[in-house]
Amino acid sequence: MTRIDFYVLPSENQDEIPVFACRLAEKAFRNGLHVLIAVDGEQQAQQLDELLWTFREDSFLPHAPQNLDQQAAIEINSGEDPAQHHGLLINLRGEIPTWFSQFDRLAEIVCQHPDSLARSRTRYSHFRDRGYPLQSHKIPN
């Protein structure tokens, strides 16, 4: 069963969510996990692609848009069928992907913005009511 991790950021700034997603993807990659980051469309995918190159000066994260012909250690999904992924799904979409249970772990990133908090409460209840194992991590400043 998929383990669900909620990462709670201390800031209200929603722009910190994709930056933290990059940090989380880097940690997972260094631990040997295959990572898929789900976003809402091509524009967000392009922004994330650029951020994965620039979020930290001394870091290189091998990544690519999801493509069924070729796999990268970190892939960006903008709505495609995720195929056979089993590592970590970092969800940056407005909705919960219907295929999230194909993954060992799902990461939801929450900031202190009221919209983000409301969405995370709804998702937490959704997963809890279905018996998924839940973890919550408060990220320090």
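Visitor: How do the residues of the lining of the second largest pocket divide into nonpolar, polar and charged?

Guide: The lining of that pocket holds six nonpolar, two polar and five charged residues, where Ala, Val, Leu, Ile, Met, Phe, Trp, Tyr, Cys and Pro count as nonpolar, Asp, Glu, Lys and Arg as charged, and the others, Gly among them, as polar. This is a predicted model, in which local features need pLDDT of at least 70 and side-chain atom pairs count only at pLDDT 80 or more, while totals for chains, interfaces and linings use all residues. Residues are numbered from 1 along each chain as its sequence is written, and side-chain values use heavy atoms, with hydrogens and water left out.

The second largest pocket has a volume of about 210 Å³. On a 1 Å grid over the protein atoms alone, a pocket is an open set of points where a 1.4 Å probe fits, with protein on both sides within 12 Å along at least five of seven lines, and a lining residue has an atom within 4 Å of a point. Grid points are joined across faces, edges and corners, and the volume is the space filled by probe spheres set on the points. Of the 13 lining residues, Tyr7, Leu24, Lys27, Ala28 and Arg105 are the closest to the centre. The elements that give two or more residues to this lining are β1 and α1, and α1 gives the most, with five residues; helices (H or I, at least four residues) and strands (E, at least two) are DSSP runs, numbered from the N terminus.

At 1.5 Å a residue, its 15 residues (16–30) should span 21 Å, and its end C-alpha atoms are 21 Å apart, which agrees; the expected span is 1.5 Å times one less than the number of residues. The buried residues of α1 are Ile17, Phe20, Ala21, Cys22, Leu24, Ala25, Glu26 and Ala28, buried meaning under 20% relative accessible area, exposed over 50% and partly exposed in between, for a 1.4 Å probe and protein chains only. After the helix comes Gly32, whose phi is positive, near 85 degrees. In the loop between β1 (3–8) and α1 lies Ser11, which counts as buried because its relative accessible area is 18%. Leaving aside neighbours within four places in sequence, Ser11 is in contact (heavy atoms within 4.5 Å) with Glu16, Cys111, Gln112 and His113.

A nonpolar core is a set of buried Ala, Val, Leu, Ile, Met, Phe, Trp, Tyr and Cys residues joined through side-chain atoms within 4.5 Å. Of the 27 residues in the largest such core, Val35, Ile37, Leu48, Ile90, Leu92 and Ile109 touch the most other members. Elements giving two or more residues to this core are α1, β2 (35–38), α2 (42–54), β4 (74–77), β5 (88–91) and β6 (105–110), and its largest share, seven residues, comes from α1. Among the residues that Val35 touches, beyond four places in sequence, are Ala25, Ala28 and Phe29. A second, separate core of 14 residues includes Phe6, Leu36, Phe103 and Phe127. Leu36, in strand β2, is buried because its relative accessible area is 0%, and its C-alpha atom is separated by 12 Å from that of Glu26, ten residues apart along the chain.

Gln44, in helix α2, counts as partly exposed because its relative accessible area is 24%, and, not counting residues up to four places away in sequence, Gln44 touches Val39 and Leu92.
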